[in-house]
Amino acid sequence: VEPKVKRLVISTQGPSTETNNQLRDGGVTSSFYIYPMYESLIGYDAFTGQLVPQLAKSWSVEPDGKSLRFKLQEGVQFHNGNGEFTAKDVFQSHAIITAEDATHSHTRQYLQATVEVVNDYEVLISLTVANGEFLQIISELNPSSLDMISAADFDVLGAPELVTRPLAGTGFYQFTERATGQYMRLEQVPYEHWRVTPDFQEIEFRFQDEASTRLAALLAEEVHLTNLSKDHLPAVIDAGMKVQAG
């Protein structure tokens, strides 16, 4: 089925903290709009609830019970010609999330881990103590997971700020533009993505704090999807729109 719009517009409350550096500043409510740009070592199957391979094609627990060995996918490309995803990108992503200025919601847990590059397509993550939740923490299941950024892009751009762009990822959408306090726009990567082909050419997260404003934008067909209170649902139902509970 062909989508009826080129750009899907999602209206939502603004993030608690705006950032272009989700590994340094990320959290459940601060960088949701940037997630389609990135992928994690471990994915999540929404139908089965199972952790599944993503940028890591396999993983195993070492005999010490505290170390995890990851075999990485080969040939996965970063946005904007930043080359192939390898173990050095895992090392750099971990370095950002554990830096002294990091305020990421899981920084303290990542400080309990070290990343060793075994070869281009294999890494060993060692924990100071065994943590049965660590695989979930670094997976796509966690809204503030260990997103993989391009080490090559970091070498050029450094730590991104709001006045610069986000670092390149491997996700099926790449950065287009943002207006602080207003919106974030992403576009489908201009090549066949290794894992997913999204339905829409572009996606926009529009920040509108007031539920009444989001309702008006939805009824005016300025946005296609938003979250509303129960008080507002009769209006959208009367307009023939579909309500999904989640």
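The model is predicted; local features need pLDDT of at least 70, side-chain atom pairs count only at pLDDT 80 or more, and totals for chains, interfaces and linings use all residues. Residues are numbered from 1 along each chain as its sequence is written, and side-chain values use heavy atoms, with hydrogens and water left out.

The chain holds 7 helices and 11 strands (DSSP runs, numbered from the N terminus: H or I of at least four residues for helices, E of at least two for strands). Its radius of gyration is 19 Å, close to the 18 Å given by the globule rule for 246 residues, so the chain is as compact as a globular protein of that length. The radius is taken over C-alpha atoms, and the rule is 2.2 Å times the number of residues to the power 0.38. The C-alpha atoms fill a box of roughly 60 × 40 × 35 Å along the principal axes.

Thr-176 is partly exposed because its relative accessibility is 38%. Beyond neighbours within four places in sequence, Thr-176 is in contact with Arg-185, Leu-186 and Glu-187 (heavy atoms within 4.5 Å). Leu-186 is 10 residues away in sequence, with 5.0 Å between its C-alpha and that of Thr-176. The Thr-176 side chain also reaches the backbone nitrogen of Glu-187 at 3.4 Å.

Technical notes:
Buried means under 20% relative accessible area, exposed over 50%, partly exposed in between (1.4 Å probe, protein chains only). A polar contact is a pair of N or O atoms within 3.5 Å; within protein, one must be able to donate a hydrogen and the other to accept it, and residues adjacent in sequence count only if both atoms are side-chain atoms.
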